[in-house]
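I opened this notebook to keep a record of what I looked up, one topic per entry. The entries follow the order in which I went through them.

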Amino acid sequence: MHLYNFTLQSASGINCAVHGNFAGTKQQEIVASRGQSLILIRPDPDSGKMHILHSTDVFGVIRSLAGFRLIGGTKDYVVIGSDSGKITIVEYNPAKNAFDRIHLETFGKSGCRRIVPGQYLATDPKGRAVLIGAIEKQKLVYIMNRDAQARLTISSPLEAHKANTFLYNVVGVDVGFDNPLFACLEMDYEEADNDPTGEVMQKAQQSLTFYELDLGLNHVVRKYTENLEERANFLIAVPGGSDGPSGILICAENYITYKNLGEQPDIRAPIPRRIHDLQDPERGMMIVAYAAHKTKVLFFFLLQSEQGDVFKVTLNVEEEMVTEIKIKYLDTIPVATSMCVLRTGFLFVACEFGNHRLYQIAHLGDADDEPEFSSSAPLEEGETFYFRPREPKNLLMVDELQSLSPLMHCKVLDLAGEDTPQFYTACGTSARSTLRVLRHGLEVAEMAVSELPGNPNAVWTVRKHSADKFDAYIVVSFVNATLVLSIGETVEEVADSGFLGTTPTLSCSLLGDDALIQIYPDGIRHIRADKRVNEWKSPGKRQITKCAINERQLVISLTGGELVYFEMDQTGQLNEYTERKEMQTDVVCMALGEVPPGESRSRFLAVGLADNTVRLLSLDPQDCLSPLSLQALPAPAESLNIVELGSKDYRREQSSLADAKERRGVLYLNIGLQNGVLLRSVLDPVTGDLSDTRTRYLGSRPVKLFRMTVQGNQAVLAVSSRAWLSYHYQNRFLLTPLSYEALEFASAFSSEQCPEGIVAIATNTLRILALDKLGTVFNETVVPLRYTPRKFVIHPAVGMMVTVETDHNAYTMEGKIVRKQQMVTELFEGRDPAEQEQIRPLAQEILRMDLNDTDFGAPKAGPNKWASCIRVIHPIQARTTWVEDLPQNEAAFSVCLVQFAARAEDEYFVVIGTAVDLQLKPRQLGSGGRLRTYRFADEFTRLELVHVTMVEEVPHAIAAFQGRVAVGMGRLLRLYDLGKKKLLRKCESKQIPNMITDVKTMGSRLYVSDVNESVHFVKYKAKENVLNIFADDTVPRFVTCSLVLDYNTVVLGDKFGNVSVTRISTSVNEDHEDDPASFWDRGYLNGASQKSEPICQFYIGETISSLQKTTLIPGGSESIVYTTLSGRIGALVPFSSKEDQDFFQHLEMHLRNEKPPLCGRDHLQYRSYYWPVKSVVDGDLCEQYNALDYGKQKEIAEELDRTPNEIAKKLEDIRNRYAF
């Protein structure tokens, strides 16, 4: 077996982000790391919409990011700390829309190791030096400079190592132009390491150490070190030099401390806490993220606590000495991994879990009545400030970036009957968890919908003048009339446009600079700017059947297949070409390309004929209407479109002629067939030859094609039973469906409110649509959940979904009420009646307090406290139909649908595995586990409890098996049947080594996954009622999910990010039983005597959360779809031939050499992180072929005995055969 891996959606969780002027313009961008990929985000300063300009896979683990700018520079560089053992400096190249690697310096071994730097990065604020540190011991400093050509240079590394020392955080201190200074949070563990009692470890203190880079002597010295009172986790640099007092803020548990070298005394302020917080008051409070903003006159910090509360922190400075820290509550937002304040007044928040957000900073809290806390306030040790959380009013959310992280579980099914399956994903943690229904397609924003007096058959938009930015008219054609609407603040009917309203319209357009033209069945109407009208009538009783038009040319076809060609002269007059072209058969469609910049005409006319051919005719004056090429079609053509993809629409952009010529793309002829197929052929701009034809099935209706504008680029909208957009995005061609109802006709639309939109008709309505989220693979429907979703099942007949949600360290709804009452009791305790009466309003306030967990985060209940619920969801209607809360400390972990043999065939029961009073560390179960059995009731909208069965371990895995239920609990594998008062134990095996995490079944076999001992093949012998392990794996795998491919083959996903396919031989003896007295059964010789063999192994790089075998497109082949905890959705597909496998293997080999990963990680090593990659080709690497320079593409193609177009086509075909 050989597989091809490709990504459907990249990981969406962001682990670090930095902002700066990376493109060299005045506009700020954000560079963010998604674990294995680097993305560049540009927020629009006017609308606040976030656009991902570029995304690149680095085939490595990005551990840290930092931005810096050389003194006097206008552009920021990005430093990347990764697992490659190299420091990487990249810059963004806007011309190529790519990250260019400037420097790659090796300093250690590859991999995420304790003593190899890469985990921490800090830059000198003046851009003179970079420190890269390891978790332990090693720190290296690089000096940045520029050479005579103003290119960035990097020095050899200078060591700042300290043995037996942990590093917690590092930051570059702003000291102006003095020697660069770095502050490090360290802890010396040498004494603790030599102390067997552990007492020294308990008393160990962190230290704050300053390292100075002496630029004169070119070495690093340890300048100053000081022990800290509290354990700290964060350092923040304070602006220095002429901008501020310099120094650092130390964020420790419960406290923020300002420190600086010299005579500056320490300034210490407690971190404010929520008043009446349900959280344990003894639990410490920590700062988890920050953003700093500096202008010429002020600076401030935004600090976020682990509850999500954002505080504005300012420093009072007198005579260059800090005298006071001021803290003010700003707002509460989701907990972030990184925050960036932009100069445009936006705050970018890379959320730890869930969608990433962009906020407008409406106010900085200066004018509100929120109390400001000061470090100079008299407080006793251990006391703190309290604030009242409220709805956000200073930070207003303007946009979101979709993130599925953490993706806990996924199923791919077509419950909605849409032909293309939907992805049902359980995402998020705690109160911000969601069930998301993902559909392949672009999200469509409906700007306006209006009913029309009848059913129209076509719609166009026209401008009054070629220099106009926006369209002036919408022209709607009916069976016997034409309606003209003007575009302004409102859309209204006009009567003085010059269009003939008593006849249907075949087409209309702007002609020349300021004239309009209308083609109708009986003639042509040329409307000049001064309202003069020239008419051309069709000869005799022959009517115009089809037409094609651009801004200077017009071709019509008369009844019988005669073509008449018109061209506009210098005076703006439309002149008929003297000779007409008689076609042998009826013309069914025609297309003209747009006039290229600097030329007077389009050279080609495409004509689709009833004999299933498309003919290309020349429009050059020397050989006008003479044939150039011909393409035979498998079905009659419905529409044609000549478009230049990958080029800018210079008319709408008003760009210069020279710019427009430079940005020429590739000319394509798109052919929509009546059988729902779209053909795309490359059109040679010189000879008119057609080549490199690509095919794609779009839907059941004939395909109509319309030219559009997307982000200033030309694009094509193809309308069938579903609308599809073919466009160029980030140097890639994408053909993506629109997640919208079927359209009948469409045209490009541009107005002040909607610069790039679509006007379309559907039945008797006119719709104006906008596409905001280009480049996205899925759009989503969201159902909010209460706790972290663990698993869900879907009823196969009715499509209802049952989810189990569980949170650790959380309260149930009832638990919160109990906690409030406990707080009130503690408040009244030990007080006399008079004092109790005085504080009664306070007690009532505590009882009334009800913060929304979704907005303010769920309070932490403490370790070993669990909250859980069971939910029934209608996934198509995206609504919850029933919820049941489990008692406090009962946690649900698994769920399964079972048809018991003793009951009716169509009756499904839901079995849910729970644990009561589970302690995680050390792991022990206080009150045992439960198997809760439910049946569906009220037309499948809710569940009804049948009975509860007590078990002695946590049921982590449940599966239906031969009319019974197989349950994996701890090391035990049991079969249960349905009884009247509880489930009845029928069979048991105690041979699994550690803990069962997953159970799958097929026939009489069970495939049982262990937490760290891979998969065990178990045979159930019905006659003896015995579960027999007859085979297992040769290597330990920490399995998180599994999938049975066939009777002998299993796909495994593990927590380290590997996907493996393991198979047992067909000759294996499944009735083989080990002798109980033998070494095998005692575990001395590694489990069962028969072993499975790994046939495929591949490193994905993120914890695998689900595996499923499914079909992703109508008529497509089956593929293995996997999802990861970070939100990645990918597919592993089999090769259809040995030739394909050989081709892609060689292509992958060439790309490893020609396109090495950005961060210097060896691709083969990366994909073999834990085990050598075996029988899997990395499609993500192969698809980078299209991003290579044409010269390199040609070199690789020659090595493979192919053309670059053939390679690009094979890459497109293998993806389209299985997915999208």
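**Backbone entry: positive phi**

I started with Phe 59, which is buried because its relative accessible area is 1%, under the 20% cut-off for that class. The model I am reading is a predicted one, so I treat each value here as computed from that prediction. I located Phe 59 in the loop between strand E5 (50–57) and strand E6 (62–68), and I noted that its phi is positive, about 50 degrees, although the residue is not a glycine.

I then turned to Ser 246, another residue other than glycine with a positive phi, in this case near 65 degrees. Ser 246 sits in the loop that runs between strand E19 (232–237) and strand E20 (248–252). Is Ser 246 buried or exposed? With a relative accessible area of 11%, Ser 246 is buried.

**Backbone entry: cis peptide bonds**

I looked up the bond between Ser 405 and Pro 406 and found that it is a cis peptide bond, with omega at about -5 degrees. Pro 406 belongs to the loop between strand E33 (395–401) and strand E34 (407–413).

I also recorded the peptide bond from Lys 921 to Pro 922, which is cis with an omega near -10 degrees. Pro 922 is placed in the loop between strand E73 (918–919) and strand E74 (924–925).

**Annotation entry**

I checked which residues the UniProt annotation "domain: RSE1/DDB1/CPSF1 first beta-propeller" covers, and the record, an unreviewed entry, gives residues 14–400.

**Cysteine entry**

How many disulfides does the count come to? I found 0 disulfides. Cys 869 is in no disulfide, and the nearest cysteine sulfur, which belongs to Cys 427, is 16 Å away, whereas a disulfide would need the two sulfur atoms within 2.5 Å. Cys 869 counts as buried because its relative accessibility is 0%. Cys 1182 is likewise in no disulfide, with the nearest cysteine sulfur, that of Cys 1096, 15 Å away. I noted a relative accessibility of 0% for Cys 1182 as well, so Cys 1182 counts as buried.

**Lysine entry**

I looked up where Lys 1210 lies and found it in helix H14, which spans residues 1204–1218. Lys 1210 is buried, with a relative accessible area of 19%, and since the class takes in values under 20%, I write the number down beside the label. Leaving out residues up to four places away in sequence, I listed the contacts of Lys 1210 as Asp 1140, Phe 1143, Phe 1144 and Arg 1202.

**Cavity entry**

Which residues line the largest cavity? I listed Gln 27, Gln 28, Pro 43, Pro 45, Leu 342 and Thr 344 as its lining. I sorted the residues of that lining into 3 nonpolar and 3 polar, with no charged residue.

Conventions. Residues numbered from 1 in each chain as written. Predicted model: local features only at pLDDT ≥ 70, side-chain atom pairs only at ≥ 80, totals over all residues. Heavy atoms only, no water. 1 Å grid on protein atoms, 1.4 Å probe; cavity = no way out; pocket = protein on both sides within 12 Å on 5 of 7 lines; lining within 4 Å. Nonpolar A, V, L, I, M, F, W, Y, C, P; charged D, E, K, R; others polar. Buried < 20%, exposed > 50% of the residue type's maximum accessible area, 1.4 Å probe, protein only. UniProt positions renumbered as here; feature names shortened; annotations may be inferred. Helix = DSSP H or I, 4+ residues; strand = E, 2+ residues; numbered from the N terminus. Contact = heavy atoms within 4.5 Å.
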